[in-house]
Amino acid sequence: TATNPTEIVAMLKDSMRRGDFIVTPWPSLNEKIKYKTSNPDLFLYKLQNTAYKFSFLFIPISLPFIWLMLFWKKDATLYDHTVFALYSLSFVSCLFMLTSLSAQWVSAGWAFAAAALIMPVHVFFQFKGAYELSWFSALWRTVLFCSIFSWVIVFLFLLSIIALGVTG
């Protein structure tokens, strides 16, 4: 099995070239997918470009999960959750840029490991400050959000981007 991103991308491109990338129950969609993935480099470039353009999809995708952790809090409105999500997206975008730049001087593995440690710390302090939660309350929400909800959110985002890339 591939462990580094370069190997994963190479395996993905080989799979696309063979035409066994995705098979759906809809023949017309299968043809569209086969056509779009016939040039894997172009498809992945367009997918990356689509992800960049639609990164704001993270906000509406995140809102139900943020609400689920705070629905009992009467003074927390949809507006508060939207600001929370927007602030998180901004922080992660800046952190990603800083990580990419720092990977020029230190090992990329170390840079991304540091970013992976910084994100939950940020989420903890953001929960604590934005919603005026106790340490324990902010901690369990951070653990739940980072260990389960964030992965579901990323999966839904990637699914949306792939759907936009294939159909667009």
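Me: Which residues is Phe112 in contact with, leaving aside its neighbours within four places in sequence?
Reply: Phe96 and Thr99. Keep in mind that this is a predicted model.

Me: Where is Phe112 found?
Reply: In helix α6, which covers residues 108-130.

Me: How far apart are the C-alpha atoms of Phe112 and Met16?
Reply: They are separated by 28 Å. Along the chain, the two residues are 96 places apart.

Me: What about Val106 and Ala10? How far apart in space?
Reply: 25 Å, C-alpha to C-alpha. This pair is also 96 residues apart in sequence.

Me: Where does Val106 sit, and what is its relative accessible area?
Reply: Val106 is in the loop between α5 and α6. Its relative accessible area is 44%, so Val106 counts as partly exposed.

Me: Step back a bit. How many helices and strands are there?
Reply: Seven helices and zero strands. From the N terminus on, the order is α-α-α-α-α-α-α.

Me: What does the C-alpha trace span?
Reply: About 55 × 40 × 25 Å along the principal axes.

Me: What is the average pLDDT?
Reply: The protein averages 85, and 94% of the residues score at least 70.

Me: Which elements have the lowest and highest mean pLDDT?
Reply: Helix α1, residues 5-18, has the lowest, at 73. Helix α4, residues 58-70, has the highest, at 94.

Me: Now the inside. Which residues of the largest nonpolar core touch the most other members?
Reply: Ile66, Leu70, Phe127, Tyr131 and Phe145. The core has 28 residues.

Me: Which helices each supply at least two residues of this core?
Reply: α3 (40-53), α4, α5 (78-102), α6 and α7.

Me: Why would such side chains gather there?
Reply: In soluble globular proteins, nonpolar side chains tend to be buried together.

Me: Take Leu70. What does it touch, not counting residues up to four places away?
Reply: Leu70 touches His81, Phe127, Tyr131, Leu133 and Arg141.

Me: Back to His81, then. Buried or exposed?
Reply: His81 is buried, because its relative accessible area is 1% and the cut-off for buried is under 20%. His81 is in helix α5.

Me: What share of the protein counts as buried?
Reply: 30% of the 168 residues.

Me: Over to the surface. Which residues form a nonpolar patch?
Reply: Ile148, Val152, Phe155, Leu156 and Leu159. Together they have about 420 Å² of accessible area.

Me: Where is Val152 found, and what is its relative accessible area?
Reply: Val152 is in helix α7, residues 135-167. Its relative accessible area is 32%, so Val152 is partly exposed.

Me: Last one. What is phi of Glu132?
Reply: Near 50 degrees, a positive value in a residue other than glycine. Most residues other than glycine have a negative phi.

Me: Where does Glu132 lie, and is it buried or exposed?
Reply: Glu132 lies in the loop between α6 and α7. Glu132 counts as exposed, because its relative accessibility is 66%.

Terms used:
Residues numbered from 1 in each chain as written. Predicted model: local features only at pLDDT ≥ 70, side-chain atom pairs only at ≥ 80, totals over all residues. Heavy atoms only, no water. pLDDT = per-residue confidence, 0-100. Helix = DSSP H or I, 4+ residues; strand = E, 2+ residues; numbered from the N terminus. Contact = heavy atoms within 4.5 Å. Patch = residues over 30% accessible without salt bridge, like charges linked within 9 Å, V, L, I, M, F, W, Y side chains within 5 Å. Areas by Shrake-Rupley, 256 points an atom, 1.4 Å probe, with all protein chains shown as cover. Salt bridge = Lys/Arg side-chain N within 4 Å of Asp/Glu carboxyl O. Buried < 20%, exposed > 50% of the residue type's maximum accessible area, 1.4 Å probe, protein only. Core = buried A, V, L, I, M, F, W, Y, C linked by side-chain atoms within 4.5 Å.
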